Each structure stands twice: as structure tokens, then as C-alpha cells.
Amino acid sequence: MRYVTNLPYATKEEEHVTIPMSDGVRLSAHVWRPTSSDDEPVPAVLEYIPYRKRDLTAVRDSVHHPYLAGHGYACVRVDLRGTGDSEGVLRDEYLEREQADAEEVLAWLAEQPWCDGATGMMGISWGAFAALQVAARRPPSLKAIAIASFTDDRHADDMHYMGGALLSDNLAEAGTMFAYGTCPPDPAVVGDRWREMWHERLENTEPWVLEWLRHQRRDDYWRHASVCEDYQSVQCPVLASSGWADGYSNAVTRLLGNLDVPRKGLIGPWSHKFPHLGEPGPAIGYLQELVRWWDHWLKGVDNGVMDGPMLQAWMQDSVPPSTSYEERPGRWVGEPDWPSPHIRPTTHPLTRHRIEPPRDPDGPEAPEGAAMTVKSPLSVGQFAGKWASYNAPPDLPYDQREEDGGSLVFDSEPLTEPLEILGSPSVELDLSVGEPVALVAARLSDVSPDGAATRVSYGILNLTRLDSTEAPEPLEPGRRYRATIPLNGVAQAFPPGHRIRLSLSTSYWPLAWPPPKPALLSVHEHSSTLTLPVRPVDEPDEVPSSPFGEPEGTPPIATTQLTPPEERWEVKRDLVGYRAELDIVKDRGTVRFEDIGLEAGRRAHERYTAVADDFTSAGGETTWTMSFRRDDWDVRVVTHTRLTCDETDFFVDATLDAYEADRRVFSRTWNEQVPRDLL
């Protein structure tokens with residue numbers, strides 16, 4: 001990244017500004033704005049997240065908020081209620097109170113003497129969720145949003161559930177927020193009230209995984225704040241981006257296809273990162289794109305930001321399987337609209353272990369297909385990687401050949417010409433199963449001539465949700481069903497000599513929680529199909545070869561790494577006790593923030609285990625340690641959550657411990673049971 005200091009506007013910052021809410025709670029904001037805004041008001045851009053602006057996001061904030069301020073904007077970074085230095089308690093994600101607070105923050109911004117009354121919202125992940133959800137509420141000052149790595153459908157396409165199957169990220173994210181939501185504010189900001197505010201958080205927090213497990217169907221809990229329930233509620237322009245390695249690779253195209261406002265989409269090769277920090281690369285000059293976006297929609301500059309294709313996407317070249325890539329080779333392609341007139345859905349029949357060429361519609365009808373069966377071991381899924389890759393530790397799917405050994409596999413003939421796809425592949429299966437609860441995981445892979453298999457996309461379907469995620473029904477063993485499994489969107493080029501592989505399995509642990517019992521899956525050939533969204537290779541790319549500038553931002557604040565970070569992703573197997581384990585460590589070490597003299601540490605440890613093919617032996621646990629130290633202020637929060645099951649219930653065992661120095665000042669334990677709902 002290129003760091004720049006010579007910007008059009010001199011800037012000033014206010015590190016702690018309080019914004020009063022209507023119920024008396026005060027939120028803490030960090031404001032960067034042009035010095036000239038004292039006399040010449042400017043638009044305000046809000047980023048609204050729970051991840052602690054004073055320390056844990058301070059480095060990232062220092063790179064992009066002063067940059068945007070230096071281009072003529074008041075950039076405002078607000079801690080959600082109950083996080084960082086804001087008052088109150090954060091009880092769950094995307095609650096009505098959170099969104100009402102955001103509306104009040106925007107109204108407050110619009111009234112400030114340094115703001116001209118126009119506002120925008122931006123962010124990644126939670127910040128993008130917040131911006132899209134608040135846009136659907138149509139606050140009068142909000143003129144545009146710019147969002148990265150988000151969803152418009154909280155049940156079908158978030159880290160909780162996928163195709164009605166429970167994701168392990170449901171536990172992992174709950175562990176993250178259990179830790180972040182119970183950290184104390186900084187006494188240097190809030191003064192002697194810090195301990196009172198901290199204990200209010202500690203005493204009023206429960207593990208969020210409990211609430212998320214209580215809603216295993218699509219119900220009003222998930223419909224709330226899911227913009228897909230009413231796309232027309234969004235009436236401001238939207239710049240939407242994500243990455244193919246992210247868990248949120250689908251929502252960009254859904255917004256492009258369903259919104260009726262000015263909109264642009266951008267999908268790179270990235271994991272869960274801002275595009276200017278994109279990993280795998282290439283990262284792009286996203287902040288420059290934001291300046292153009294805000295200049296047009298908040299200042300009325302006629303700069304052509306809406307010219308060119310509606311969607312720009314990175315067409316990924318073939319690569320060997322790896323858990324991490326520094327760069328993904330490929331090129332930018334553009335589509336004028338979405339759905340694109342250039343994409344040709346091409347349907348391939350599945351026969352015995354073969355992906356056949358498309359059937360001639362005028363040819364003879366396909367014969368009645370024989371059944372092919374699979375009953376996957378619980379080990380299938382250990383090389384699946386993370387639902388949403390962060391690229392640290394390396395967490396992308398590895399070579400799929402070992403996974404394929406426990407799967408039903410279909411291969412194409414070696415390609416004689418290049419083939420490119422852009423969009424969401426889908427699998428339609430004529431199937432039957434041997435248990436009332438079962439899932440199917442479908443994986444699409446690029447198989448090189450030497451046999452290495454790189455996963456391109458995948459999808460999961462809990463078959464009890466075949467007809468409805470709102471009212472699932474148990475399956476009738478032996479009855480034939482038709483099931484459609486959408487796979488995650490992707491842009492992928494397959495070179496000549498490579499094969500396309502579809503793999504079906506009845507387990508995908510630990511990415512997805514296994515059903516109560518292993519199930520025999522029967523798939524009928526000829527009447528089962530794979531549909532690929534083919535983009536003809538002779539289609540013009542519609543974009544320059546290098547449409548974006550080099551990533552740039554303002555220099556980050558000074559930090560010192562006091563203890564080294566640690567990253568670990570280990571698959572372990574005990575062939576005596578038949579215990580399998582995935583062990584993940586994400587430890588940022590201890591970092592000193594030089595400007596405020598604060599030392600902060602973050603360590604997350606996840607472990608997922610199972611024994612042999614006992615599907616009820618699946619278990620996951622997550623432990624977080626968050627520490628903060630300055631002079632004689634020394635505090636620490638340790639959270640632990642374990643999720644286990646039997647055939648009828650989930651069991652949550654959790655602890656929350658808080659320390660001042662080495663003295664434990666708070667402790668609470670949860671032991672809860674939640675019934676499985678056809679899951």
C-alpha cells in the first residue's frame with residue numbers, strides 16, 4: 001500500500017466525541033474532518049461497528065478515515081452501544097435498538113455545524129450490515145452507502161446457517177462477540193465510571209450462540225434486518241463489494257439484480273477484507289473509488305462514477321490447491337447488468353461418475369437412471385477451510401482428493417477448450433435418503449491433469465428444508481425427492497486439459513454440523529444435473545486491464561509488537577481412539593498503541609472434534625482472551641463456549657471470567673440445552 005500525506009484538505013480530529021441517544025445512553029465517536037469545515041461544512045460519512053475504535057480497529061481506522069477526511073469529508077467512527085467507550089450493553093446483533101441508534105447518530109451528524117446535512121454510511125462486515133439495514137429505514141440525511149462483505153439475508157446467507165444446515169461459524173462468531181461485548185471501556189476516556197460500565201456489560205451478557213440456536217428455522221428473528229424481505233425499502237445508491245474467498249460472495253449480485261436504485265458491484269479474489277487491504281491479491285485502490293463515489297452522491301460532482309459496467313469481477317485463473325494465496329492470477333471482467341445477458345446457464349446430466357455434455361433438447365429422452373449411493377464418513381470436511389476466509393491463519397480449502405474419497409464423484413471429460421463461469425452454479429438431484437434428517441454438501445472442483453483438485457465453489461442443503469426453511473419436515477426414508485442446491489457465486493476459468501468435478505457428500509464437518517445419524521444418499525443418474533453459469537470466453541471483458549489504481553491510504557498510527565502473534569491450523573487424527581480434531585489458533589500477540597500508551601492482546605482458540613463416525617460426538621469450543629494494560633490499569637476477559645450434541649439436543653456450556661491484574665472480579669457459568677429442530 002502507498003501511504004500518502006499530501007491531501008487536498010488539511011484535517012483535524014476529535015478522538016472522543018459523545019453523541020446522546022434519546023434514552024440517555026451516550027455513544028462514543030472519533031471524528032476526522034477538514035479544518036476548513038469549521039467555516040465550510042462538508043458531508044459526513046459514518047462507520048458504525050462494535051470492534052473498539054480506540055484500540056482494536058485503530059490502525060485500520062487511521063489508514064482510511066483521515067484519507068477520506070483529507071478529500072473533504074467528516075469521517076465519523078462510532079462504537080455501538082455497549083462496546084468500546086460507548087455506554088450501555090450490546091445484547092445481540094442488528095437489534096431494533098442498534099438501528100434506531102444509528103438513525104439518531106445520522107440525525108445528530110446532519111445537525112452539526114461542520115456538516116452540510118448530507119450523510120453516507122460505509123463499512124465491512126458488521127459495518128456493511130449496519131449501513132444496508134439502516135438504508136432500508138430511509139433516514140432523511142442518508143444519501144448513499146458503500147458496503148463490503150455483507151448479506152441481505154440473515155438466515156440463508158450468513159455465518160449462522162447455510163441451506164438450513166448449522167454452520168460451525170455460528171459458534172465461532174458467537175465466541176468473538178462474547179469476548180468483544182464484555183471488554184471494558186478505557187478509563188482514560190470515560191474516567192472513574194469505567195468499572196461500573198464494565199460490570200454492567202458483564203452482568204447483562206449471555207453467550208449469543210444460545211439465541212442463535214433457538215431460531216433454527218427462518219422466522220421473524222431472521223427476517224428482521226434482512227433486506228431481501230423488501231428490496232424496495234432501499235432508496236439510496238449502493239456501492240457493494242465482496243471477495244470470492246469470502247463467505248459473503250453472493251449478496252453483491254443479489255443486490256444488483258433486485259435493487260431499483262443506482263448501484264455498482266465489485267467482486268475481487270479477496271477473503272473477508274476491504275478491497276484496498278485485499279488478500280489474496282491483487283488489492284485495489286478502493287479508497288480512491290470511495291472518494292469518487294462520495295464526490296458524486298454527496299457533493300453532486302459529475303465524475304462519471306456510474307459509467308461502465310454494473311458489475312466488475314475478478315475472473316480467477318486455475319491454481320493448484322493451497323490453504324493460502326498471496327495473489328490469485330486472473331483478470332477483471334465487466335457485466336453491463338445483472339443478471340447478465342452474457343451468461344448462458346448450461347445444464348449437464350450426471351451419469352455414473354460422469355458429468356455429461358449438455359443434452360440435445362431434440363434428442364431422445366434420457367433413460368431411467370440407476371441409483372448411485374454414498375454414505376460419507378464424518379471426516380469429509382476436514383479440508384474444507386473456513387466458511388468465511390480471513391487468510392490468517394491460512395484457512396482456504398486444501399486439495400480435495402482426500403475429501404473425494406468419502407464422496408460421490410462426477411468428472412467431466414478433459415476440456416478441449418477454455419471454459420469460464422461467472423455466477424452461481426447449481427445442482428439438481430433426483431435423490432432418496434435412508435434417514436429422516438440428512439444433508440448434502442456439493443463441491444465443484446478444478447482438477448488438473450496431475451489429479452490435484454482445487455475447490456472452486458460449494459453449497460450445502462439440509463434436506464428437511466427442501467420445500468421450506470420456515471416449516472421443515474422430516475424426510476421419508478426411501479422416498480424420491482428433487483432437491484436443488486445452489487453453490488456460492490464465483491468467477492473461474494478452467495483451462496484445456498483440466499476436468500470439472502462435482503463431489504457430493506452427506507457430511508461436511510466441521511464447516512457444517514452433522515445430522516444426528518449418518519444417512520445413505522441415493523442419487524439417480526440422467527435425472528440429476530449440474531448447471532454452470534457459462535461466460536463465453538470470446539465475450540469482451542468490458543473493462544480496462546487495470547481499471548483500479550494502486551491501494552493507498554494515510555500512514556497508520558504507531559504501534560509496537562510486544563509479544564509475537566501466533567497462527568495455527570492443524571488437522572489431527574488419533575488412529576487408536578479414532579478421534580479427529582481441527583485446532584485453530586488466531587493470536588494477535590500484545591501490541592502497544594504508542595499514542596495512548598495502551599497494551600492490548602487478543603487470542604482466539606477454536607477446536608472442533610469428533611470420534612470415528614459417531615455423528616453425535618461432534619463438538620466445538622472457542623476460547624477468547626482479551627487483555628488491556630496501561631500503568632496500573634490491568635484487565636483481562638476470558639470467555640469459553642463449548643457446543644456439543646446428542647441425537648435430540650444441543651448443549652451449550654460457557655464461562656465468562658473477568659480479571660483486574662491477577663484477581664478474578666467476575667465469573668459466570670451457563671449450562672443450557674436447546675432441542676434440535678430437524679437439524
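The model is predicted: local features need pLDDT of at least 70, side-chain atom pairs count only at pLDDT 80 or more, and totals for chains, interfaces and linings use all residues. Residues are numbered from 1 along each chain as its sequence is written, and side-chain values use heavy atoms, with hydrogens and water left out.

**Stop 1: strand 32.** Select residues 614-630, which make up strand 32 (strands are DSSP runs of E, at least two residues, numbered from the N terminus). Here 12 of the 17 residues are buried, so strand 32 is largely enclosed by the rest of the structure. Buried means under 20% relative accessible area, exposed over 50%, and partly exposed in between, with a 1.4 Å probe and protein chains only.

**Stop 2: strand 31.** Click Ala 600 and find its bridge partner in strand 32, Phe 628. Two residues separate the strands in this hairpin, where Ala 612 takes a positive phi near 50°.

**Stop 3: strand 33.** Now select residues 633-645, strand 33, joined to strand 32 by 11 bridges, again antiparallel. Arg 630 has Trp 633 in strand 33 as its bridge partner. The hairpin of strands 32 and 33 also has two residues between them, and Asp 631 in the turn has a positive phi of about 50°.

**Stop 4: the start of the chain.** Finally, select Met 1, in the segment before strand 1 (2-3). Met 1 is partly exposed, at 38% relative accessible area.

Terms used
Helices (H or I, at least four residues) and strands (E, at least two) are DSSP runs, numbered from the N terminus. Two strands pair if DSSP finds at least two bridges between them.
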